[in-house]
Amino acid sequence: MAQQVKAVIARAKGAPVEVTTIVVPDPGPGEAVVRIQACGVCHTDLHYREGGINDEFPFLLGHEAAGIVESVGEGVTEVGPGDFVILNWRAVCGQCRACKRGRPQYCFATHNAGQKMTLLDGTELSPALGIGAFAEKTLVAAGQCTKVDPAAEPAVAGLLGCGVMAGLGAAINTGGVGRGDSVAVIGCGGVGGAAVLGSRLAGAAKIIAVDIDDRKLAGAQRLGATHTVNSRTTDPVEAIRALTDGNGADVVVDAVGRPETYTQAFYARDLAGTVVLVGVPTPEMKLELPLLDVFGRGGALKSSWYGDCLPSRDFPMLIDLYLQGRLDLGAFVTETIPLDGVEQAFARMHEGDVLRSVVVL
């Protein structure tokens, strides 16, 4: 039987979000209903509210979540009722050319639940990234549920569902940071901070954090940065080169996603080094680089989508490291808030006051 639950929706572009009652259907084949325990407030949710993703209002916001599987539909075997899971927005198909080549992290046919959640009047909702987890319960494709150790705190575990995984993966999976490497991270919010933490976990010898906000630089130091550069007052390319014997860093992660920061990353890397773009640019942005420089500097220019993660592989492993005390995921949780605190969390995010506000239900 369909259930009525409380949830946060965005009805119109730029309008404040609101808590209302929605209808969650029983899971159909390949689907699961998850009782949400915690969901992080991500910039992507704000982009949805502002119409920056698409105009398919009303949106059911929230996607960086963990909770308990309540029920599953026909044919679901990978998770069952009672399992503690982290939700992900890329349920791999197993059949596309990437999956068949053994590269499911690049799946070209990821999917979501087939049924729609609705308002009480039957209006269909568009769930953020196919999840919609600012809600007491949500309906997802079963493949969007990754079972992990239930000893983990939900407010911490859920962060792997988006921003923290994006940053960790940008450093470890995409950038291939290894022992003894030098790394520079441009932009030290939640994603950049996670790239710093991932670089530390991978054994980087030198981790240079770059930002225009001293508060974020201080946070990056707590996460493992060995050096900081305030790029509001200092040329970051010159500073990174000075800190790496004039060579540039082995890996530079651009967690901002602007032409200016990408250009800085390009020139701040060592010859044959790697640039990783994980910050998301907007559609109108253009990049101009001398093609001779691209050719002459060698190395690799990579984009990192969701940290090139494979949830079934990465989420359990990272949760185990967290439980062992080797990965301080708790450092990203600035505050916990109720369901009706999302609009205020957006304001604090805009002011740069938080790494993550987390809704706890």
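**Exercise 1.** In β12, which residue is the bridge partner of Ile186?

*Solution.* The model is a predicted one. Begin with the two strands concerned: β11 covers residues 182-186 and β12 covers residues 206-211. They pair in the parallel sense, over five bridges. Within this pairing, Ile186 has Val210 of β12 as its bridge partner.

**Exercise 2.** Determine the strand order of the open sheet of six strands, and identify its edge strands.

*Solution.* The order reads β13-β12-β11-β14-β15-β16, and the pairing is parallel. At the edges stand β13 (227-230) and β16 (300-303), each of which pairs on one side only. On average, neighbouring strands of the sheet are turned by 15 degrees against each other, direction ignored.

**Exercise 3.** State which strands helix α5 lies across, and give its angle to β11.

*Solution.* Helix α5 comprises residues 190-202 and lies across β11, β12 and β14 (249-254). Its direction is at about 170 degrees to β11.

**Exercise 4.** Describe the packing of helix α4 (residues 163-174) and helix α10 (residues 311-323).

*Solution.* Two packed helices are described by the angle between their axes and the distance between the axes.

1. The axes of α4 and α10 come within 12 Å and cross at roughly 100 degrees.
2. The two helices are therefore roughly perpendicular to each other.

Terms used. Residues are numbered from 1 along each chain as its sequence is written. This is a predicted model: local features need pLDDT of at least 70, side-chain atom pairs count only at pLDDT 80 or more; totals for chains, interfaces and linings use all residues. Side-chain values use heavy atoms; hydrogens and water are left out. Two strands pair if DSSP finds at least two bridges between them. Helices (H or I, at least four residues) and strands (E, at least two) are DSSP runs, numbered from the N terminus. Axes are lines fitted to C-alpha atoms, for helices over the stretch in contact, and angles run from 0 to 180 degrees between N-to-C directions. Contact means heavy atoms within 4.5 Å. Angles under 35 degrees count as roughly parallel, over 145 as roughly antiparallel, 65 to 115 as roughly perpendicular and the rest as oblique.
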